[in-house]
Amino acid sequence: MPILAPSQEALRSAAAALVSGGLVAFPTETVYGLGGDGFNLQALARIFAVKGRPRFDPLILHIATLDSLAVVAALSSMDRALRNKLDALCARLWPGPLTLILPKQPRVPDLATSGLPTVGVRFPAHPVAQELIRLSTGVVAAPSANPFGYLSPTRAAHVQEQLGDQVQCILDGGPCPIGLESTVLDLTGSPRILRPGGIPRELIEGILGPVEGPPKDPGEVLRSPGQLQSHYAPHTGITLYSREDMIRLPYEASAAYLFFDRPSYDAWTQELSVAGVPVLELRERGTGRIRVLSPEGNLGEAAARLFELLHDMDKLGVSVIRAQWAPGYGLGTAINDRLSRATAGF
Ligand code: TXA
Ligand code: MG
């Protein structure tokens, strides 16, 4: 299907496709979304069908004005303390990579929320997403635009490869600046992170004080039904290592390596040269198979490049991807969450 630069004309025709029940892929600051009108049952059903997504995994509804929040969320049913928390989060973090789980308005279709009494709502920061939502119905359901269980797309070309012939068009906003999905925060009771993502926990805690989650016990994971272990997995198996173990790995021609930062990569090549592996030759031959997430160890850059590098490395035909954990704070929590899900099933 056509990949369109997001001109006014392209935005208008994409919005018209949404209004008439079609599906459109569009960029957000996190990942590309597979959008359909949030109130159109046929469009919602098509989203599940196109993704091969189980019906028990609810969709996020995307809005592009704060006023639209009351259209989908039953704000008057929330107690004062939670309303204050909601207001503080909206003022500080919206638009942005934060999805809030709130009590739903009765008019929101059960198909969108998988029958739950709650609804996931996000106000994305990306200008193309905002314009598309405003020009269409104001409430756009959009999961990440990937087949269920596979890596989320961070470029229009990823969507084209994975779902291209199933959408009416793909709006191309270039690479997604955040590169990881939104943080999902449940605000129906004491605040709890259901999915780590583009807004670090520390930022939320700076506004609300301590929050719970994400769930560590796999039995609890179904509170956010999408948090199945095998999510975000590339086809190639991944194994994960601490920095210490990563820099001591032997060199294998059939493996790919994903280092967190340049000093770790340098330490590895240092160890290999001590062991007699011709490192210069390895650098030249192995460039596609040996990658560094962020040379300077910048977590924002690492997050933005993670899915992109995994998409690329998945095409190399190697037998395994050996990857290094990120530091366990800030965006590193979301990076490590996606890395550990990428190993599930192998
Ligand atoms: O960054 C993002 O959030 C992207 C972009 C396109 O906005 N969207 C996205 O959607 O990642 P999706 O469908 O791939 O993931 C939505 C997550 C799932 O884990 C789902 O279970 C959870 O949000 N979710 C949605 N509604 C929920 C609800 N009412 N209660 C609990 N979890 C919910
Ligand atoms: Mg997804």
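1. In what order do the 4 strands of the open sheet stand? In this predicted model, the order is β11-β14-β12-β13, and the pairing is parallel. The edges are taken by β11 (238–241) and β13 (290–292); each has a single partner strand, so one side of each is left without a neighbour in the sheet. From one strand to the next, the twist averages 20°.

2. One pairing can be followed in detail. Strand β12, residues 255–259, joins β13 in the parallel sense over 3 bridges. Here Phe-259 stands opposite Val-292 of β13.

3. The structure has 7 aromatic pairs. One of them joins Phe-259 and Trp-268: the pair is tilted, with 5.0 Å centre to centre and 45° between the planes. Both Phe-259 and Trp-268 are buried.

4. Tyr-265 and Trp-268 also pair; their ring centres are 6.4 Å apart and their planes lie at 50°, so this pair is tilted. These two residues are 3 apart in helix α10 (residues 262–274), and therefore about one helical turn separates them. Tyr-265 is buried, because its relative accessible area is 8%, under the 20% cut-off. Trp-268 counts as buried at 0% relative accessibility.

5. Ring pairs link Phe-259, Tyr-265 and Trp-268 with Tyr-251 and Tyr-257 into a cluster.

Terms used:
Residues are numbered from 1 along each chain as its sequence is written. Chains are lettered from A and ligands numbered from 1 in the order in which they are written. This is a predicted model: local features need pLDDT of at least 70, side-chain atom pairs count only at pLDDT 80 or more; totals for chains, interfaces and linings use all residues. Side-chain values use heavy atoms; hydrogens and water are left out. Two strands pair if DSSP finds at least two bridges between them. Axes are lines fitted to C-alpha atoms, for helices over the stretch in contact, and angles run from 0 to 180 degrees between N-to-C directions. Rings of Phe, Tyr and Trp (its six-membered ring) pair if their centres lie within 6.5 Å; planes under 30 degrees apart count as stacked, over 60 as edge-to-face and the rest as tilted. Buried means under 20% relative accessible area, exposed over 50%, partly exposed in between (1.4 Å probe, protein chains only).
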